[in-house]
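Q: Please take a close look at one part of this model, a single sheet, and then place it in its surroundings.
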Amino acid sequence: MRSLVGASTLMPGLLSQLLAEDGNDPLAPKQPHFTAKASRVIFIFSNGGVSHMDTFDHKPELFKADGKMTGVGGGLSNQQRVLLKPGWQFRPGGQCGTLVSDLFPHLRELMDDICVIRSMKGDDNEHYNATLGLHTGSFFFSRPSIGSWISYGLGTTNSNLPSFVALAPQMPYAGTQIFNNDFLPAYHQGVRVIGGKQPVANLDRRTQQKGLQEMELEFADLLNNRHLRSRAGDSNLAARIRSFETAFHMQTEARDIFAIDQESDATLSLYGLKRGQTEGFGWQCLVARRMAERGVRFIELVDGSSSDNWDQHADMAEHAKHAKNIDQPVAGLLRDLNQRGMLQDTLVVWTTEFGRTPGVDGTKGRGHHSACFSSWMAGGGVKGGHVHGSTDEIGATVAEGKVHVHDFHATILHLLGFDHEKLTYRHGGRDFRLTDVFGNVVGELIA
Amino acid sequence: MRWSAFLLLFAWPGVAASATEARLHRAVNLNGPPLTIDGRAWEAGNDAKDVKTTGKTFENQKVRLKPPTDAARTQMIRSSVWGDKVDIEFSHVPDGPCQVVLYVWEDNHNERFSLLVNGVTTLADFESGTEGMWKRLGPWPAQSVNGRLVVTARAASHGAANLSGVELWAGDGPLPESHTGAFVETPGPEQTAFFENKIRPVLAEHCYECHSATAKKVKGGLVLDSRRGVMKGGDTGPAITPGDPDASLLIQAVRHLHEDTAMPPKKKLPPHVIAALEAWVRMGAPDPRLTDTVAVVQAKSAIDWSKAREWWSFRPLVSPALPPVQDKSWPANELDHFILAKIEAAGLKPAPEADAHAFIRRATYDLTGLPPTPQEVEAFAAAYIQHPESSIENLVERLLDSPRYGERWGRHWLDVVRYADTAGDNSDYPIPQMHRYRDWVIDAFNRDLPYDQFVRQQLAGDLLPDAKPDQVIATGYIANARRFGSRVDDYPQHLTIEDTLDNVGRAFLGLTINCTRCHDHKFDPITTQDYYALYGIFSSTRYPWPGIELDKKQRDLVPLVPRHQLDTAAKMMKDREIESSRLNKEVKRLETAIKEKKDDKNRLEAELAQAKAAAKQHAQKPLTFELAYAVAEGRKIGDVAVQQKGDPAKPGPVVRRHFLTVFGGQELPANDSSSGRLQLAAWIMARDNPLPPRVMANRLWLNHFGKGIVPTPNDFGKQGKPATHPELLDYLAAKFRDSGWSIKGMHRLIMLSRTYRMSTLRDEAALEADPANEWLSSFPRRRLDAESMRDTLLMLGGSLDLSPAGPHPFPPQNDWGFTQHKPFKAVYETNHRSVYLMTQRIQRHPYLAIFDGADPSTSTPARLSSTTPLQALYWLNDPLVHDQSRKLAERIVKSGSDDRTRIRQAYELLFARPPDAEEAAVAARFLVKAGGSLPQDEAWHSLVRVLFRLNEFVYLD
């Protein structure tokens with residue numbers, strides 16, 4: 001099939017010559033500003049607001065103060081509420097002994113690879129705005145997603161696959177905006193994968209007859225080349241001819257990504273998957289690894305939807321269900337990347353849009369809390385076994401080492417070899433960047 | 001005590017010099033008990049003899065005062081009398097000169113009021129500031145009249161002046177210092193020595209880099225290299241409260257009290273340095289640096305207006321002389337001279353004329369977004385051989401008369417105004433009435449509404465004398481501005497207004513006005529004052545409420561009734577609302593009753609069912625008139641204060657509503673009680689404003705040639721790119737303005753030119769000398785846009801529905817319960833043209849997202865045309881492609897008896913030309929080869945799919 005275009009008998013070599021001369025293939029691999037620690041990102045987003053004091057931020061005082069004192073809490077407000085103690089015990093994990101709650105027993109074993117940030121901070125207490133901010137650096141206006149920025153900055157090493165994929169069986173808050181290219185060119189749009197039997201729209205051949213699509217493409221190629229001959233010099237026409245070749249291969253190669261039956265039993269069980277399973281967070285994690293292997297630059301895994309997620313206003317006990325859903329798969333992903341030698345240049349990021357209040361919401365729940373929350377990173381040049389920053393005694397505010405969402409973004413870009421102030425795009429009379437006019441690289445996270 | 005210690009050490013020169021100090025006559029705590037302040041006795045307001053006070057009383061002792069002050073004064077300040085008119089009348093005041101001192105404060109939002117003593121204004125347009133701010137105003141010299149002295153505060157209606165206390169001093173001598181502190185006027189020698197030794201070196205070493213006239217960029221508007229700079233302070237207020245280190249922002253900053261204001265930001269100063277600064281503040285910040293560096297900085301950043309007006313796009317619009325050309329036979333009209341002159345200057349030759357087939361395909365897609373039919377192609381090709389000029393004229397007229405024209409060119413405008421059918425809040429509420437504006441735009445293009453009226457109606461159609469319903473609908477342009485968030489009480493209206501101003505600036509003026517929300521424009525001569533002058537116009541405008549998560553009901557839509565019936569209609573809506581809430585309450589009552597009592601459950605449930613039915617019936621009862629999602633004059637009309645750094649909580653000075661200073665800064669007349677929208681439209685479209693004709697002429701050119709003369713159609717400022725053909729742009733713009741703003745006239749001018757007739761062919765010389773085809777020596781080839789491709793698929797498949805599209809099938813409003821958890825999200829399949837696809841503000845339509853459709857969240861001045869594998873996958877596998885190909889194949893098979901005529905038919909339908917012999921032969925061979933394993937219909941289906949995928953189909957020559 002490659003002969004279809006590359007060695008066209010009508011115009012030998014013209015296409016590749018045109019495309020090479022043009023020199024502006026928007027997805028050609030590009031060098032970042034300086035030597036990168038990581039060359040790709042797997043970005044895990046737990047939607048709804050994961051409680052920091054119940055997961056990665058141990059607050060012994062909060063256990064003691066249960067019901068006795070008042071602190072920030074409740075719904076969308078910052079009013080004073082009676083404190084609610086964390087619902088799970090904390091234990092040390094790995095050689096480093098980083099404390100993690102019983103919600104994440106699998107991940108806890110891997111704390112030597114993980115750098116926990118306990119001092120994250122956002123600007124908005126609404127799911128929608130916080131989610132948008134975490135993905136685009138803008139809490140209100142639509143802007144390109146972090147994945148689009150990275151695709152724009154790095155291009156891709158595999159032209160048969162998109163550079164930015166969002167594994168999002170359900171839509172999170174703020175909808176398609178979280179993987180939208182916005183004003184960046186459409187090449188950098190995140191391609192949504194929903195899982196199941198038809199994971200990507202239009203990926204499956206609609207012509208069933210064997211060889212028919214090949215024949216159609218070959219005929220189109222002949223006519224297109226004839227058309228091009230009298231319009232020599234138009235690289236747009238050449239690029240469009242090539243896009244059909246890429247699409248043709250994507251049908252096979254992307255399908256191949258989803259053929260997880262090729263994996264061994266040992267690997268499947270690492271992710272907690274049963275053979276034949278085409279859904280669930282384990283499936284998302286394993287597919288992410290397979291995409292990473294094949295050169296996709298930025299892979300986002302969306303955990304939860306805008307209506308079923310970590311938003312536990314009524315009863316924090318629900319966190320257990322959501323944690324169980326991702327703990328083993330994410331730990332499996334880290335182990336698998338590690339055993340394949342991929343973790344060193346794959347940056348794995350886990351985050352949520354905000355934390356939860358130390359004060360009680362309702363009788364057993366917690367409210368939204370952007371003043372502080374926890375995230376973590378692993379691989380890709382970050383300091384494993386490290387804890388960065390802290391919150392006050394009850395987890396209401398950042399005590400030290402604040403990492404604002406903009407700082408978080410600046411650090412991710414830094415690990416990929418970018419000066420976040422220089423990765424810009426001119427739009428509407430202004431040079432835009434992911435970090436707007438903010439952001440400091442958090443050097444303490446970097447190995 | 002420490003205060004008096006300093007008093008002894010450093011006497012205030014001005015104070016000490018005076019022999020006849022004024023003497024306190026009365027001090028009244030207007031809404032509070034007797035107190036001792038500054039060691040003087042204050043009387044309680046409510047039983048002070050010979051003092052009468054009007055106004056309502058208010059007290060909130062929880063507000064944190066800025067700056068903080070002593071306890072007694074704090075208590076006095078935080079209780080007050082208030083109103084839009086407050087009088088404090090003293091009687092039995094002794095004759096002779098006296099002085100008035102007044103304490104005012106602000107408990108929440110900025111208020112603006114004037115202060116008068118005995119009817120004479122002593123302070124006009126005072127701004128009360130943000131929560132907790134207070135001022136000790138005066139002293140104002142006064143004379144009692146017949147023993148009477150009246151202190152008055154006056155605000156606009158509904159405003160509120162908040163007065164806490166008043167001091168009446170006898171005599172005209174200086175007042176003894178109040179402990180609120182003051183800056184040292186003239187430092188003594190010891191003070192100067194202290195400053196030079198302990199303070200200046202610290203400021204110079206640690207602060208000047210960002211806070212001085214010599215700083216590369218002054219941060220926070222604060223300079224600390226002069227006395228004036230210290231006193232004035234920065235964007236957040238005075239740096240120092242003399243005498244009170246705790247209240248001084250400078251001291252708070254060096255103490256690193258707040259993370260965001262910690263200074264110096266990286267490293268805290270050593271304790272002894274901080275102590276020195278504190279001592280300095282306690283002294284009253286004696287400072288011998290008298291150079292006014294504030295003025296220096298201001299002068300540096302001030303805009304030189306006459307120089308600013310020299311920027312090319314601001315210069316007056318004059319139609320330029322035709323440039324000389326060598327080939328005098330080439331131009332068909334004046335426009336061609338400008339193009340040919342540039343081509344010749346580059347040493348190039350214009351491309352030959354396109355053939356008739358390419359031309360009609362180009363012109364038809366260009367004006368209607370659809371392909372010509374084989375019959376139209378044939379007729380035109382025949383006429384073209386006979387009379388090329390008149391055949392083109394006739395073709396252009398026919399296309400301009402087609403209703404399809406407005407659907408195509410209306411869409412270009414909808415791109416610019418970022419049209420959407422939903423509101424863009426966190427739940428993206430549907431706007432079922434929005435389509436009326438969409439249809440108005442399409443209709444305006446079809447009837448060639450002159451552009452000046454087109455602009456005026458969108459900005460102020462409702463304010464036109466005897467406004468017609470469609471002119472009200474036109475203001476849907478403003479109403480369509482984006483909504484944000486989920487909340488109601490602190491809804492960020494300033495962002496919706498920013499979205500409005502952003503679009504007004506880009507769409508009509510080609511300027512990025514919104515950059516000035518937080519700071520003066522970094523590149524263009526637009527100030528923050530200008531921004532808030534325009535902001536006042538839109539904050540005086542009532543936007544309809546689309547419903548958001550926490551307030552789901554639409555309101556403030558405009559009834560489409562004759563103006564004299566507006567009040568009646570509004571009352572009907574209000575009554576309906578009252579009735580609806582009564583019925584809903586009844587449902588709630590019965591539901592609660594059922595929950596609480598169990599005995600007569602059956603009867604209650606029957607009643608509940610009845611009540612529910614009644615509520616539903618009421619909700620479904622149609623109004624006797626239609627509603628428009630449009631704007632009206634606001635409930636509160638007036639100028640607004642500058643929001644410092646774009647923060648509504650930091651009001652600065654109020655600015656009169658006016659137009660951009662660079663265009664003359666015309667102010668809204670003093671007696672004007674409207675929002676000012678009609679004036680805004682007039683200012684924008686004033687004959688001497690060169691931008692609207694330039695900007696619109698460029699848009700028209702852009703959509704004919706695929707690129708603008710100015711490559712940045714929404715930015716004619718310094719960050720935009722310059723025109724490739726500046727004289728041509730001015731020629732077109734002047735023509736547009738002087739010929740009555742007819743858009744169809746501009747199409748004629750452009751399409752009857754020789755330039756428009758050139759083929760897309762490029763010779764070696766052109767490729768070499770002008771690879772990007774800047775000089776237009778040939779017609780730029782371009783890809784069909786998303787709408788044209790889909791519409792053609794539907795049309796050729798025989799599926800296109802050209803009947804009026806009307807409203808979208810949104811769910812009924814009673815069922816709306818959208819939240820950010822379950823936002824409104826829908827894709828409605830339709831066979832209407834793509835301009836009628838339901839467009840969500842925050843969810844991109846899956847098809848339009850693949851093919852570079854307009855961005856629904858911000859203005860799209862020009863479509864991109866990317867080439868991606870996802871697009872190819874669409875052409876390979878999408879059901880629409882397959883379905884319409886099948887339908888077209890069936891049509892073609894039926895249309896002819898043999899494959900030769902069928903192949904010809906297919907080529908004419910898709911490419912507006914017959915196939916040549918070789919093409920016909922290979923197509924026939926393909927049918928045989930594909931037909932080897934397939935039924936004939938399937939082979940044809942396959943061939944049509946191939947043709948749709950071809951570059952020749954998606955590119956226009």
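How many helices and strands are there in chain B, and what is the order of the strands in its open sheet of five?

A: Chain B has 36 helices and 21 strands, where helices (H or I, at least four residues) and strands (E, at least two) are DSSP runs numbered from the N terminus. The model is predicted, with local features requiring pLDDT of at least 70 and side-chain atom pairs counted only at pLDDT 80 or more, while totals for chains, interfaces and linings use all residues. Residues are numbered from 1 along each chain as its sequence is written, chains are lettered from A and ligands numbered from 1 in the order in which they are written.

The open sheet of chain B has five strands in the order S4-S7-S12-S9-S10, with antiparallel pairing; two strands pair if DSSP finds at least two bridges between them. Its edge strands are S4 (51-53) and S10 (120-127) of chain B, each of which pairs on one side only. On average, and with direction ignored, neighbouring strands of this sheet are turned by 10° against each other (axes are lines fitted to C-alpha atoms, for helices over the stretch in contact, and angles run from 0 to 180 degrees between N-to-C directions).

Strand S12 of chain B (residues 149-155) has S7(B) and S9(B) as its neighbours in that order. Six bridges link strand S7 (residues 85-90) of chain B to S12(B) in the antiparallel sense, and B:Val86 faces B:Ala153 in S12(B) across that pairing. S9(B) is joined to S12(B) by five bridges, again antiparallel, with B:Leu116 opposite B:Thr152 in S12(B). Five of the seven residues of S12(B) are buried, so this strand is largely enclosed by the rest of the structure. A residue is buried if 20 or more other C-beta atoms lie within 10 Å of its own, exposed if 12 or fewer, and partly exposed in between, with C-beta atoms placed from the backbone.

Further along the order, strand S9 (residues 112-117) of chain B pairs with S10(B) through five antiparallel bridges. There B:Phe113 is set against B:Phe126 in S10(B).

Now the rest of chain B. Of its 957 residues, 47% count as buried, and the C-alpha trace spans about 115 × 90 × 55 Å along its principal axes. Among the contacts in chain B with a separation of 6 or more, 70% are between residues 24 or more positions apart; two residues are in contact if their C-beta atoms, placed from the backbone, lie within 7 Å. The domain assignment, which is automatic or taken from a database, gives six entries for chain B, including domain 1 (22-170), domain 2 (189-301) and domain 6 (841-956). The centres of domain 2 and domain 3 of chain B, taken over C-alpha atoms, are 62 Å apart.

B:Pro711 sits in the loop between helix H24 (691-705) and helix H25 (726-738) of chain B. This proline counts as partly exposed because it has 17 C-beta neighbours inside 10 Å. Its C-alpha atom is separated by 7.0 Å from that of B:Ala723, twelve residues away along the chain.

Chain B also touches chain A, in a contact that takes 54 residues from chain B and 50 residues from chain A. On the chain B side, helices H31 (869-877), H34 (917-931), H35 (936-949) and H36 (951-954) each supply at least two residues. H31(B) gives the largest share, eight residues. By class, the chain B side divides into 20 nonpolar, 21 polar and 13 charged residues (Ala, Val, Leu, Ile, Met, Phe, Trp, Tyr, Cys and Pro count as nonpolar, Asp, Glu, Lys and Arg as charged, and the others, Gly among them, as polar).

Of the 447 residues of chain A, 59% count as buried, and the C-alpha trace spans about 85 × 50 × 35 Å along its principal axes. The domain assignment of chain A gives domain 1 (1-26 + 204-266) and domain 2 (31-195 + 279-445). Their centres, over C-alpha atoms, are separated by 37 Å, and the contact takes ten residues from domain 1 and ten residues from domain 2 of chain A. In chain A, eleven of the eleven residues of helix H12 (residues 405-415) are buried, so this helix is largely enclosed by the rest of the structure. H12(A) is followed by A:Gly417, whose phi is positive, near 95°.
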